[in-house]
Amino acid sequence: MKGIGVSPGIAIGRAFVIKKTEAKASGVLLTNEEEISWEIARFENAVGLAVAEIEAIKSEHLSLQDEDLAILGTQIELLTDPQLKDDVIEKITSNRKNSGDALIEVIGAFVHLFESMEDEYMRARAADIKDIGNRLFKHLNASNSSVQTFPPDTIIIAEDISPSETITMDIAHMVGFATQAGSKTSHTVIIAKAKGIPAVVGCGSQLGTIKNDDLVILDGITGLVHSNPVQEIIAEYTAKKEAYQQSAEKLKALKDQPAITADGKKITLSANIGAADEFADVFEYGGEGVGLLRTELLFMNRDSFPTEDEQFEFYKNVALQSKGVPVIVRTIDIGGDKKLSYFNLPLELNPFLGYRAIRICLDKKELFITQLKAILRASIFGDLRIMFPMISNVQEVRSAKRVLAAAADELVKEDVAFKSGIKVGIMIEIPSAAVTADILAKEVDFFSIGTNDLCQYTLAVDRMNEKISHLYDPFNPGVLRLINNVIEQGHKHNIHVGMCGEMASDPLATMLLLGMGLNDFSMSASAIPMIKDIIINHNMIETKEIYKNIMQMDSSEEIVAYLREHTK
Amino acid sequence: MITNDYIILAAQGMHARPATVLIKLVKNFKSAASLKKGDKTVKLNSMLNILSLNIKGGETISIIVEGEDETEAAQAIGLFFTEQLKDL
């Protein structure tokens, strides 16, 4: 059966099925004032006991992590919520309900309110409210349930698991859990992730067929759950589990470690992304920013150009997800191999040398200005920066900056808020730009080297043409000299130089680029740990030496062999 | 009485974790604080009420503070919305 994999990893173990008993209303009505005061006191007493219970969990489980503590803190806030108390007391005094029935009604109303919200996160909060309701109900009736213990390698199978159950459960022996209900953003899932316990939710009623002690395999990545699997599947997953654990350990060890060379030079590792939802990966792999936000996704798979407001929503969402780290937004890069169905690009003999990117933008200024206005507006929500692609001379930079100024003027006239002084940079991907880096550096705040196009333009090799693919070679001494010039001139003029092309994620190139002085590498998020591993294990003296030696070599074969030998 | 408007800088909006921090922050002051979104106003002491407003990232809300230490309280709450919230 299949659910939603919410906490990655593979778990193999024996099932332990948890069944829940629902709290039922008694229907009793109170007859006099003494009973009313007594029921109010009972409710307040239950709140006190429930809070004390959570405080006890906090002090007994010293190994609790920030996530757990935050969730327990939220539970205490909910238990002591003044609105909850007012509503329950109102039901006791005005409707003459006993405390248990009053609680069931009040909790039911809040659960209903949250379950009916559109927002998935808010719907998931209904589970938290049910959880505190059950906790209070338990204390009202003074039936104390203690912490449950399991045999080793237990996989919990349940309709749903409440956040506080997750915390009080015998975690040491629990290797995974699968639930019938549940959502990706439930607190139970947050805890499972924090503790590295594989979990699958939303399996549906089929999960009910699993019985105690059944052998269960669950895959927290794909969401697959196998019960009583055949031998081959067990073997397959045993191998998968080992491989996952090894890579997870390495990742974890590197994630929070800063990218600093052995002799103390700080290097920035950023990620290339195409949409806001990729930020989870960026942070998971230890990315410190976004060196390239591709905006093509926004323009593709639709029938017309997105409006300023549609674009604003896209950039705003990115800015909000970024938690304040720098995000470099590349303006429209269509043309070349990227076509739009609704924008008639003339058929060209050499599309890569043709009407594309900034050339289209400076020609169709209304398109460009719409995008720039949307980015400027969204920059209120995060540290957005603007980057123009396909720059071949300084006049294009000046023209693009004039359009940016015009976009800002329009926003001022329309009285729309935006952040002024946004940082502006360019992609260095055309040889003339790389050669004239000294001229261009005076006009911008940063460079970002796009090695894919720079390589194909420098070597006159179409990277799509398989017949000549062997000539496409980023280690060609000519390409390396251009890259070196860009880094050197950029730093001479005190501007920031990064690289967002494929070379930034090529482990063979890392030492050489460090030696050239590059200090900002941007790549797909999953490549970050591999490059970080190289950075922290080498020092700058070593990389400078490698760089000096390589600049003496005249063939890329020799260069690659040399780098292979020195990158261990 | 002090009223200030803030943009919610957290993508997930005012979810349980930031709401918990905010409620605890407000408890440090004697002033009464409330939060207004659209035409609904709730006191800043109830998690259920704050969450029920379903405040999303990018939305604008108003904070109203009234009491003897309202200046300090408004300042602390301001810092929460402009600096802390995006990291919670």
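Which residue in β4(A) is the bridge partner of Thr154(A)? In this predicted model, the partner of Thr154(A) in β4(A) is Met174(A). The bridge belongs to the pairing of strand β3 (residues 154-158) of chain A with β4(A), which is parallel and extends over 5 bridges. On β5(A), Val200(A) is the bridge partner of Ala178(A). Strands β4(A) and β5(A) run parallel and are joined by 2 bridges. Strand β4(A) is mostly covered, with 6 of its 6 residues buried.

These strands are part of an open sheet of 7 strands in chain A, in the order β1-β5-β4-β3-β2-β6-β7 and with mixed pairing. The edges of the sheet are formed by β1 (4-7) and β7 (225-227) of chain A, each of which pairs on one side only. On average, and with direction ignored, neighbouring strands of the sheet are turned by 30 degrees against each other. Helix α7 (residues 187-195) of chain A packs on the sheet, where it touches β1, β4 (174-179) and β5 of chain A. The direction of helix α7 makes about 60 degrees with that of β1(A). Another helix of chain A, α8 (residues 231-255), lies across β2 (10-18), β6 (215-219) and β7 of the chain. Helix α8 runs at about 110 degrees to β2(A).

Within β5(A), Val201(A) stands opposite Ile4(A). Strand β1 of chain A also contains Val6(A). Val6(A) counts as buried because 24 other C-beta atoms lie within 10 Å, where the cut-off for a buried residue is 20 or more. Val6(A) and Gly220(A) are 214 residues apart along the chain, yet their C-alpha atoms are separated by 5.9 Å.

The largest nonpolar core holds 177 residues. Those that touch the most other members are Leu103(A), Ile155(A), Phe177(A), Tyr315(A), Ile426(A), Ile428(A) and Val486(A). Helix α5 (residues 120-140) of chain A gives the most to this core, contributing 9 residues. At least three residues of the core come from each of domain 1 (20-140) and domain 2 (265-566) of chain A. In soluble globular proteins, nonpolar side chains tend to be buried together. For Leu103(A), the contacts beyond its neighbours within four places in sequence are Phe43(A), Val88(A), Gly133(A), Leu136(A), Phe137(A) and Leu140(A).

Chain B has 88 residues, of which 41% are buried. The chain contains 3 helices and 4 strands, and from the N terminus on its elements follow the order β-α-β-β-α-β-α. Among contacts in chain B between residues at least 6 apart in sequence, 73% join residues at least 24 apart.

Between the two chains, 23 residues of chain B are in contact with 25 residues of chain A. On the chain B side, α1 (16-27) and α2 (47-52) each supply at least two residues. Helix α2(B) gives the most to this side, with 5 residues. By residue class, the side of chain B that touches chain A divides into 9 nonpolar, 10 polar and 4 charged residues.

Notes. Residues numbered from 1 in each chain as written. Chains lettered and ligands numbered in written order. Predicted model: local features only at pLDDT ≥ 70, side-chain atom pairs only at ≥ 80, totals over all residues. Core = buried A, V, L, I, M, F, W, Y, C linked by C-beta atoms within 7 Å. Buried ≥ 20, exposed ≤ 12 C-beta atoms within 10 Å, placed from the backbone. Domains from an automatic or database assignment. Contact = placed C-beta atoms within 7 Å. Nonpolar A, V, L, I, M, F, W, Y, C, P; charged D, E, K, R; others polar. Pairing = 2+ DSSP bridges. Axes fitted to C-alpha atoms, helices over the stretch in contact; angles between N-to-C directions.
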